[in-house]
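Morning, everyone. Please have a look at it before I start.

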Amino acid sequence: MRNVKNAVCVKCAAEFEAARATYTCTKCGGRLEVTYDYDYIKTRVSREKFAADKNFSMWRYMDFLPIEEGAKVCPLRTGWSPLYKTDALGKALGLKNLYVKDDGINPTSSLKDRPSAVAAVRAFHEGKDTVSCSSTGNAASSLAGAAASMGLKSVIFVPERAPQGKLTQLLIFGATVVSVKGDYGATFRLSAQAIEKYGWYNRNASINPYLSEGKKTVSLEIAEQLGFAAPDFVAVSVGDGCTIAGVWKGFKDLFAVGLIDKLPRLISVQAEGCCPVNRAIEKNAPLEEMEENTLADSIAVGLPRNGDKALAAIRDSGGIAVNVSDEEILAAMRLLGASSGIFGEPAGVAGTAGLAKAAAQGLIPSDALVVSIVTGNGLKDVVSGQKAAGIHGDAPGSVSPNLIRIEPDMEKLTREFVKRGVVS
Ligand SMILES: *Cc1c(COP(=O)(O)O)cnc(C)c1O
Ligand SMILES: [Zn+2]
């Protein structure tokens, strides 16, 4: 890995060789950050080279990843998700240059496929036969899928509240699933003990420094898809904080090698019922644990395990912190779907909900170049989708204004259509 310098402890600055299977600092327990030889990378990358590259997946950015050149990679097509110019949504939010990066189209339908692919590749090359993690869902299903595609076994720890759709994915991908009677914290601790005891490859995002390297490819793509330009703002939802830290690192990498000439401001979006990172930003205080009160289960993290990296990313970027209610999340789900044809899960659309709120508060100039990252697909959590759509199974009390329940009678139908303005 000539492109990689080493892994540096963010607390005590101790340096470790990145090729070895280190997770956290052996001196102080601090988180590690992978550092790169940008002078070397500069000799390897250029706009022209990317323009000619026909590998439309995250592996087109191998020069920015901690993976041995020529290594076998995860065969699932991960990354290179579409960046849509969403004019109708932009109009609704009062933004003239709004783009949506739809990461729900990844192999297992979330942005987590990017870090999980890196984890599976590194596990494979370290000769591990089993990968493991604890997750509220998407990290797990993406890891199970990536592992299956590379012939690895997976053992996944989930809190018992994980939605059925996500559990289903795990079992279909052949994972051994440990459903823990407790919250995310308890789930995480149990997984850490088991991973330590059995020597599995550890895909816990807070521990494993290579995962945010996978996540950062979303930013490399955004910039390339914009013609190697940085947006003015990037909105993304925050749970553990690994994603927003990865998003920031991607832009910093491109800036360091001169492929973009400025950096975006980050919009950190959390749920009102669980916003420890944003509260720390607003109070300019250290992180404090919060309850996990939101339907956006993928960002319901009371004690963020990458909080420090997330706080640094938000602060360094001159970022904005916005909290949204569950109602605002569901409204954003409907707005995104109806205006753009994109269906996101609650945490997936929380970034858009926060952007809408920030725009309404006048925090975003109307001509700014803005990207909202949709981090997960709506079909992952059908129950929340039904809430947003205003239906409750087949119950007659369903409230969606777009749902017409009617006998097969054309006259009645015509009256309903006229009443509702479907036809004039
Ligand atoms: C994991 C996840 C997030 C947040 O990422 P963190 O690294 O936990 O901050 C947001 N949206 C979805 C859909 C996720 O799965
Ligand atoms: Zn250290």
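A definition before the sheet: two strands count as paired if DSSP finds at least two bridges between them. Also keep in mind that this is a predicted model.

With that in hand, take β4 and β5, the latter being residues 97-102. These two strands are joined by three bridges, in the antiparallel sense. Within that pairing, leucine 83 is opposite lysine 101 of β5.

Now the whole sheet. What is the strand order? Reading across, the order is β4-β5-β13-β10-β11-β12, six strands in an open sheet with mixed pairing. At the edges are β4, residues 83-85, and β12, residues 320-324, each of which pairs on one side only. From one strand to the next, the twist averages 25 degrees.

On to the ligand. Where does ligand 1 sit? Ligand 1 is in the largest cavity. There are 16 residues around ligand 1, and those that come nearest are Lys112, Gly239, Gly241, Thr243 and Thr375.

In the side chain of lysine 112, an N or O atom is 2.8 Å from an oxygen atom of ligand 1. The side chain of asparagine 138 likewise has an N or O atom 2.8 Å from a ligand 1 oxygen. With aspartate 240, the contact involves the backbone: one of its N or O atoms there lies 2.8 Å from an oxygen of ligand 1.

How much of the ligand does the protein cover? On its own, ligand 1 has 380 Å² of accessible area, and the protein covers 96% of that.

That's what I have. Questions, please.

Notes: Residues numbered from 1 in each chain as written. Chains lettered and ligands numbered in written order. Predicted model: local features only at pLDDT ≥ 70, side-chain atom pairs only at ≥ 80, totals over all residues. Heavy atoms only, no water. Helix = DSSP H or I, 4+ residues; strand = E, 2+ residues; numbered from the N terminus. Axes fitted to C-alpha atoms, helices over the stretch in contact; angles between N-to-C directions. Near = heavy atom within 4 Å. Polar contact = N/O pair within 3.5 Å; in protein donor to acceptor, adjacent residues only side chain to side chain. Areas by Shrake-Rupley, 256 points an atom, 1.4 Å probe, with all protein chains shown as cover. 1 Å grid on protein atoms, 1.4 Å probe; cavity = no way out; pocket = protein on both sides within 12 Å on 5 of 7 lines; lining within 4 Å. Sits in = over half its atoms within 2 Å of the grid points.
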